[in-house]
Amino acid sequence: MDSESRNNMILGEEKFRYFCLEFLKHSQDIGDDWEWKNVQGEEEGYLSKTCYQTRVTKSDDGKKHEQEDEILSTITLEGDHEVEDDDNCVLPQGSLQSEVINYEYHVLYSISYQAPVLYFRASFLDGTPLTLDAIWAKVHDSYKPRLLHGPWETITQQEHPILGQPFFVLHPCRTNEFMSSIQGSASREGNYITSWLSTVGPVVGLSLPLSYGRTV
Amino acid sequence: MASQSPDTGDKPKLQFVPFASALDAGFWHQLTQKKLNEYRLDESAKPIKGYYYNGDPAGLPTRLTLEFSAFDMSAPTPARCCPALGSLYNTNTLDSFKKFDKKALLDQAANEIWEAIKSGAALENPVLLNKFLLLTFADLKKYHFYYWFCFPALCLSDGIELIKPPVSLGEKFSKTQVIEFQKAYDSFCQAEGGAPHPYFLIGNSGDSFSMAPLQKLEEFYTEKDKVTLGVYDPCTLAQYPGWPLRNVLVLAALHWGSRVQSIEVLCLRDRTLQGERDIKHSISFEIKLPQVAQSQACPKAVGWEKNQKGGMGPRMVNLSECMDPKRLAESSVDLNLKLMRWRLVPTLDLEKVISTKCLLLGAGTLGCNVARTLMGWGVRHVTFVDNAKISYSNPVRQPLYEFEDCLGGGKSKALAAAEKLQRIFPGVTAKGFNMSIPMPGHPVNFSEETMDQAAKEVENLEALVAEHDVVFLLMDTRESRWLPTVIAASQKKLVINAALGFDTFVVMRHGLKKGKQEEANDSHSGVPGSSDLLGSSLFSNIPGYKLGCYFCNDVVAPGDSTRDRTLDQQCTVSRPGLSMIAGALAVELMVSVLQHPEGGYAVASSSDDRMNEPPTSLGLVPHQVLVKVCNVLPVSLAFDKCTACSLKVIDQYEKDGFQFLAKVFNSSHSFLEDLTGLTLLHQETQAAEGYSGNMNV
Ligand SMILES: [Zn+2]
């Protein structure tokens with residue numbers, strides 16, 4: 001990789017926005033639920049996607065602390081539970097609870113690296129976060145080798161620059177480098193966001209439908 | 001699909017799938033901010049906003065989602081979602097959370113819905129039907145959040161009779177009809193502002209469809225037309241509608257009951273799989289409209305969400321992991337180390353390193369740098385021993401101290417260092433002991449008091465060594481290393497020693513003694529530590545228990561180095577960078593030793609081993625690293641006449657304890673030399689030097 005082609009891969013902020021818009025257009029076309037989020041009154045924004053996955057678990061799988069359980073069990077509806085129990089218009093929920101995991105993916109622009117940055121986190125429906133090990137445990141086996149050989153040694157936990165909350169971050173320090181090899185060999189005219197995201201996304205459970213590659 | 005009343009042969013009744021509350025971490029972060037900066041002690045109702053999504057794949061629960069934007073009533077509703085408006089009651093105490101009158105809260109919300117239905121306001125603005133309540137208590141000390149959701153639904157006393165059971169749209173309509181239906185709905189939403197409509201009326205003739213808002217019923221249908229109610233349905237179950245249908249059926253019963261006996265319901269489900277939009281899994285069924293009168297009282301209501309155990313009760317979520325700054329610091333530090341393991345050293349046993357308790361004797365330049373490197377490795381237990389105070393010249397070389405620490409005579413180094421570690425990383429357990437270590441040749445017998453004091457110090461040091469796994473010798477005098485060397489050898493603790501010269505340093509691990517019997521057997525075959533064997537193959541494969549200590553390398557017993565200077569201690573001034581290299585190397589040596597399956601008993605790697613397969617995932621486990629002009633890894637044997645680690649010394653120490661030590665402290669250094677036989681050896685070598693003279697001391 002000579003330094004000149006590496007420089008070519010630097011993504012300016014204008015270009016970033018442009019590619020994001022193009023990316024969003026296709027997302028809307030195919031109902032992929034990517035959105036552009038703005039913070040109130042700020043021009044700064046990010047691409048965002050939320051998705052859910054389920055896993056069936058035994059209902060006693062929860063590892064709550066007994067002390068808290070005790071506190072919780074003292075809180076009731078003050079004696080009027082018959083009303084609730086009498087309501088046979090509610091579909092009874094099965095004893096097998098499915099564990100639902102909420103994945104959030106945000107694509108932000110880093111001025112200092114002049115590259116897109118992927119922020120992500122995963123949590124259960126009540127907001128309890130998953131550890132990185134847990135997230136990776138759910139990554140499909142075929143991506144495991146990539147996990148170990150890709151540019152992913154650079155995952156850190158950082159505050160989301162716009163939301164101010166902790167997220168995992170694929171650090172962009174090597175983005176330009178590996179994007180040069182990807183963009184260099186394949187379609188140089190392609191959407192940077194599409195090819196970047198389809199490379200880094202799968203290792204953290206985010207996959208893009210193939211149709212993104214076909215358009216733009 | 002529906003419940004058959006057991007006592008009668010009634011028609012089956014319609015059942016609804018309740019919402020599951022879904023709160024993203026951002027919601028709790030935002031609630032925390034609001035509580036701290038805005039609500040404070042205010043427990044009154046606050047407007048919040050949630051939404052439900054249409055388009056889930058089968059299997060996902062029907063969710064009412066609240067995210068960080070829930071507090072911003074003007075925030076846009078995400079695509080393919082309908083908004084739901086809620087009231088947040090954030091209580092100040094757990095007790096207040098407990099005592100909150102939940103029944104009254106639900107009744108009040110039900111009344112509002114009932115009024116909106118009666119007045120027809122809900123016909124104009126159907127969002128009024130989808131209310132929710134959220135009762136919370138935020139324990140911001142523990143980052144525990146207690147919460148209880150309520151999705152109020154008005155109950156019709158006899159339920160709702162199902163006339164025709166649900167069928168999918170794919171079964172009900174032809175392909176063309178499905179496509180036309182989709183088009184009609186899209187253009188209806190477009191005309192109404194773009195967002196999906198939660199409720200709408202559906203007209204159908206042949207392949208063509210039309211939609212209208214609820215309040216247009218009179219104009220939309222002729223007298224004879226069947227009424228079809230469309231619902232934007234978040235549920236994915238093929239046999240049941242979701243919760244949003246519930247209140248709108250009460251509205252339908254009240255306003256349309258006089259006109260029609262039954263209505264058709266179409267639950268619109270709209271999903272995209274692999275870029276293909278699909279509504280064929282939408283469901284359609286017919287129900288009998290129950291009797292509801294304007295004049296009647298508000299129907300009873302249900303809606304408090306069950307907890308994870310299926311009981312009527314609140315939930316609690318513990319978010320200390322992602323909200324407590326101290327926990328965040330800890331998990332980030334761990335993550336960094338784990339990444340090193342995942343990426344570079346898959347067999348690295350981090351737990352072994354992190355759980356190691358380290359005793360740092362000396363909190364000067366070496367102590368500071370060793371401590372910082374230990375922190376880098378995630379070591380959570382560090383104890384300092386030093387009797388010095390921080391002086392003005394220290395902070396520039398000793399990275400745990402600052403100018404302020406020197407004022408007023410200076411803080412104790414050990415205490416200040418421990419305090420600073422805790423400030424750098426609250427996850428560490430750091431302690432400091434302002435204490436001196438008795439030294440050979442430094443008398444303690446001036447008075448009873450000074451003797452007692454020394455006895456106490458020895459006792460303390462023994463206890464400290466016992467409590468830790470690894471002892472670092474980082475003092476600036478040679479003889480102060482003697483006592484801890486003896487104690488650690490006796491207690492069989494790993495000792496890592498770092499000593500600085502002006503532009504040279506040595507970092508070494510002391511040999512780790514074996515049981516007494518094995519030791520005695522080995523000492524017969526042991527080669528005396530004469531260094532003319534250096535570099536020969538005799539120095540490969542030396543097991544850890546045969547390796548020497550700091551004092552084995554000398555033929556001079558430790559004495560008062562301010563009087564009898566030994567070669568490596570003539571000068572306590574060293575190049576400033578050395579201590580950092582040496583401190584770091586000392587820790588790396590410790591980590592390598594810990595990674596070796598035999599730990600301190602690991603065979604010493606020598607310079608020659610650099611070409612071979614390394615014994616641990618982190619490479620070589622040398623005995624010593626001597627850094628000067630060139631980097632060599634010398635190995636030396638335990639010297640059976642060593643003044644610190646030889647059997648004779650350890651025996652005496654273990655047998656007579658402080659009495660023995662007091663003798664050492666109070667006598668000249670020849671006491672130890674006499675004891676170990678060094679004096680005799682000296683005499684012999686002096687005689688031998690007469691003819692050979694190649695002794696390399
Ligand atoms: Zn020794």
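Guide: In chain A of this predicted model, A:Lys25 forms a salt bridge with A:Glu22, the closest N and O atoms being 3.2 Å apart (the rule asks for a side-chain nitrogen of Lys or Arg within 4 Å of a carboxyl oxygen of Asp or Glu). Because A:Lys25 and A:Glu22 are 3 residues apart in helix 2 (residues 13-29) of chain A, about one helical turn separates them; helices and strands are DSSP runs, of H or I with at least four residues and of E with at least two, numbered from the N terminus. A:Lys25 is partly exposed at 48% relative accessibility, whereas A:Glu22 is buried at 18%, where buried means under 20% relative accessible area, exposed over 50% and partly exposed in between, with a 1.4 Å probe and protein chains only. Residues are numbered from 1 along each chain as its sequence is written, while chains are lettered from A and ligands numbered from 1 in the order in which they are written. Local features need pLDDT of at least 70, side-chain atom pairs count only at pLDDT 80 or more, totals for chains, interfaces and linings use all residues, and side-chain values use heavy atoms, with hydrogens and water left out.

A:Arg121 belongs to strand 4 (residues 115-124) and A:Glu104 to strand 3 (residues 97-110) of chain A, so the pair ties together parts that are 17 residues apart in sequence. A:Arg121 is buried, with a relative accessible area of 8%, and A:Glu104 is also buried, at 4%. Chain A as a whole has 9 helices and 6 strands, and 47% of its 216 residues are buried.

In chain B, the side chains of B:Lys118 and B:Glu115 meet in a salt bridge at 3.7 Å, N to O. These two residues are 3 apart in helix 3 (residues 102-119) of chain B and therefore about one helical turn from each other; B:Lys118 is partly exposed at 22%, and B:Glu115 is partly exposed at 41%. Elsewhere, salt bridges that share partners join B:Lys172, B:Lys226 and B:Glu264 into one network.

Where chain B meets chain A, 71 residues of chain B are in contact with 61 residues of chain A, contact meaning heavy atoms within 4.5 Å. The rule finds 2 salt bridges across this interface, and B:Arg80 forms a salt bridge with A:Asp33, the closest N and O atoms being 3.1 Å apart. Over all chains the count comes to 30 salt bridges.

B:Cys552 is buried at 6% relative accessibility, as is B:Cys642 at 1%.
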